[in-house]
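Let's take a walk through a protein together, one region at a time. Keep the sequence and the 3D view open as you read.

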Amino acid sequence: MDGDALTYALCNGYIDHWLLAGPVATPVRDFERFAGPDFDLRIAQHYRHALPDIAGEPAEHAPFTVGAEVGRWRYWHCGEDHFIDVSATYRTPHYLRAWAYCELESETAQQAAFRLTTNGSSDVWLNSVRIHQHEPCYHRQLRSETFAATLRAGRNTVLVRIEAVAVRECPFAVALRVSGEFTESAVRLPTTIRPVDRRQLLERVFDQAITDRDLFTREQPIVLRWPIDAVESATLAVRLQRPDGRIYAEAIRKGAGGARIEMGVPVQFPEGDYTLVITPHPQELYEGNMRIQRVLPIALSRNRYADTPDGTYAQRRIEALLDASGRDDSIFCDVARMALGKWQDVDSARLAQQLERIRQRADCSDIYLCGLLGARYRFGDHPEFPLVLREPLDACALNFRYWHDQPGSDAMCFDTESHSILFHTCEVLAGQLHPDRIFTNSGRTGDWHRRHGERLAMHWLKQRASSGFVEWDANCHFEENALALTHLADLAEDDTLATMAGAVLDKMLFGMAVNSFKGAFGSTHGRAYAPHIKGAYREPTSGIGRLLWGMGVFNDSVLGTVSLACSNYTLPAIIAAIAVHAPEAMLSRERIVGTHEDFRYSGALGTEVNKVTYKTPDAMLCSVQDYHPGQRGHQQHIWQATLGPEAVAFVNHPPRVSEDDAHRPNFWSGNLVLPRVAQVRDSLIALYWLPDDDWLGFTHAYFPLYAFDEHEIGERWAFARKGEGYLALGAAGGLRLITHGLNAKRELRSYALRNVWVCQVGRAAVDGGFEAFKRNVSSQPFMFDADAMTVEWVTVRGDVLRFGWEGPLLRNGNVEPISGFKHYDNVYCTSELGAEIMDIMLGADLLRLDFRLETTHD
């Protein structure tokens, strides 16, 4: 193709600059016809074609057509991992296709080696001839294939098509590397945007912009910055924009070295997800058709965080409902409006849309059906109860699929711990509501479904009572557990089931209380998502803590708080007291053991979890000990230090740079290869052993500079202070603060395939001033043998710790247990696994949880 073009160099052989069309997502309407263990392969074979299936000459902002779909080619600049990554979550089944195009300038006619890496299937066309087909493979893990092709001298067109079957989260990415002799500007992208020099200057200026945080709270200015050493500049526009395109603020300024553009403060705007969109000056954008932009995702929080107990429960209950009713995030906002009597504000259209998704059995339908059935029970007799929730809700409930062995094939997930109890709860509530009706999906009566749901729910409850939560301290799933358990405790007609649900909810909330610090549920987590582990403001149980013990913050995770606020459940006072208790030093050990069936949940890897939490008035350190080191991880959050609601630090091994939830693990959540971790009170060792061909080649720490009162970063140690709490992080592979990109000034990297990180928390009352803490920690170096994968560390507490990839943890020459703990072992509760009674004590107060309930459901 002749005409104007953008030019770029290869990056270590990778093509990092592309034109992208799509993804085009085709709904799989007749999903049941493809049912079976190989459904994804059968869907791919049905939709796949040998031809590229796209029309239109590729050029930036030029149109393309795919069947009836019309779009425009867009520019894509890969991240440091070299991937085009358009991963996303699809609540109903879809067939995905996307196309990437570039032109390669070859110095001579030559045989070149290509290496293509992707999650699914792909085809490559060189100069309009298909030269490679990446066979359909839908296990979602990356797979690389190498092939050779002949390049002609001069310009060569490259078209890559990637395809995937999306059912829930769907990694959808591709990277292409080429070896050969190329010109300095080997990559050429045709463009309709002129003048090209101006367009590429703007791109470079846009790429220099950073934010120093993901989340802006209350009165913090929303600021976009340029590094002081940026040499190029341009006048541009910045918009504060919601993902749906609504614009809330705009500024026209010059982007240049040291520039700082303020967009207001969060209290001026609705709370939630936003983007900072950088574009050319409006005149250049619209009149000159300079259609380029850069998008930086951020979030805003308006609500005040409470790090000390605040208000009475009655006050906080109304506050929780008012907060939820002022949002538009989900049907639980409408449930809050019903509870407050704000019937005129209930959004019947949204309720109808949600019922349609439930009818389609979209992913997470169990969550929303549970909430709507609860609303029917609690508010269904009110004369203003929406008509859309009467007969249509009944029809949905009668035709729903309540368990994986019932008829149907869909995108719903039955296997995780939280979803399982939600399905059982829905079945109990629907069966109670329609005992004599025939449920059209199963052909069974409502009474049969009630008894079936009660039996499965009681089995689930007994497992949690006996052995704990397999998705241990999983903040997002604890919120869903709260939804299910409040509905069972409040609305189940079987008294035994209701009582057991309340007792298990007490147990779950006790665990939250022990592992919380000033309202932050800063524990290790069996499952976690990136936005939820970067601090307490967006953590899904923060609202639950704010409601129940007055610490935390109400946020857009409303289903747990609304369900609790609408229920008759009463939190035992001792649990609230434990949550706000600030002992001088609290050591807690916990062990969770599950059956093989339980550990289907969450990508869990085994039958035992051993946790340690150490908490003082100024800091908390949490970890899971020796959890399957060397195995592939999923969403497990292995360890974390917490000094405040935003002052948190943790380390993980990322597989790629995307933070999208479709990647499990991703840049911050989970580990591609799990570390071996051990903790002795306020000191922690984490060994990381990466594969020789690791894609990124580093482990990294989340270390948000803005959240600390002081910090200092050296070659091997990083220190931080928040209030009177101290933190030290050390890495044998050295430390590098990242100052560019989407994680600028909150990421510390350590480039080493074999590495050890150590963490020490401290406090002024024990360690004196911050300078003394830094001096004392750094004066006791840790000795790491990378070949043997062993470390020796003399901690600031005087302990000599020896630990390796294998063998025990030695403390001063003696074996320190890192497994085989009691179920709970702390100052509040000592309980063996399988105990039918749990005594929880604080001072003279005692709470006895009795799980010895007689039942006929077995």
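Which residues does Asn475 touch, not counting residues up to four places away in sequence? They are Phe521, His525, Arg527, His532, Glu539, Pro540 and Thr541, where touching means contact, that is, heavy atoms within 4.5 Å. Before going on, please note that this is a predicted model, in which local features need pLDDT of at least 70 and side-chain atom pairs count only at pLDDT 80 or more, while totals for chains, interfaces and linings use all residues. Residues are numbered from 1 along each chain as its sequence is written, and side-chain values use heavy atoms, with hydrogens and water left out.

Asn475 has its place in helix 11, which covers residues 475–491. Helices (H or I, at least four residues) and strands (E, at least two) are DSSP runs, numbered from the N terminus. With a relative accessible area of 0%, Asn475 is buried. Buried means under 20% relative accessible area, exposed over 50%, and partly exposed in between, using a 1.4 Å probe and protein chains only.

Now look for another asparagine, Asn755, in strand 37 (residues 754–763). Asn755 counts as buried because its relative accessibility is 0%. Its side chain makes a polar contact with the side chain of Ser750, at 2.7 Å, and the side chain of Asn755 also reaches the backbone nitrogen of Ala732 at 3.3 Å. A polar contact is a pair of N or O atoms within 3.5 Å; within protein, one must be able to donate a hydrogen and the other to accept it, and residues adjacent in sequence count only if both atoms are side-chain atoms. Leaving aside neighbours within four places in sequence, the contacts of Asn755 include Tyr688, Thr699, Phe784 and Met789.

Next come the rings. The structure holds 36 aromatic pairs: rings of Phe, Tyr and Trp (its six-membered ring) pair if their centres lie within 6.5 Å, and planes under 30 degrees apart count as stacked, over 60 as edge-to-face and the rest as tilted. The pair of Tyr402 and Phe439 is tilted, because the planes stand at 55°, with the ring centres 6.2 Å apart. Tyr402 lies in the loop between helix 8 (391–398) and helix 9 (417–433), and Phe439 in strand 22 (residues 438–439), so this pair ties together parts that are 37 residues apart in sequence. Tyr402 counts as buried at 0% relative accessibility, and Phe439 counts as buried at 0% as well. By contrast, Trp717 and Phe719 form a stacked pair, 5.9 Å centre to centre with 20° between the planes; both of these residues are buried. Tyr402 and Phe439 also belong to one aromatic cluster with Phe400, Trp403, Phe414 and Phe423.

Let's return to helix 9. Of its 17 residues, 16 are buried, so helix 9 is largely enclosed by the rest of the structure.

In it, 4 strands form an open sheet in the order 6-13-8-11, with antiparallel pairing. Strand 6 (84–85) and strand 11 (143–151) stand at the edges, each with a single partner strand, so one side of each is left without a neighbour in the sheet. Two strands pair if DSSP finds at least two bridges between them. Strand 6 pairs with strand 13 (residues 173–179) over 2 bridges, in the antiparallel sense, and the bridge partner of Ile84 in strand 13 is Val174.
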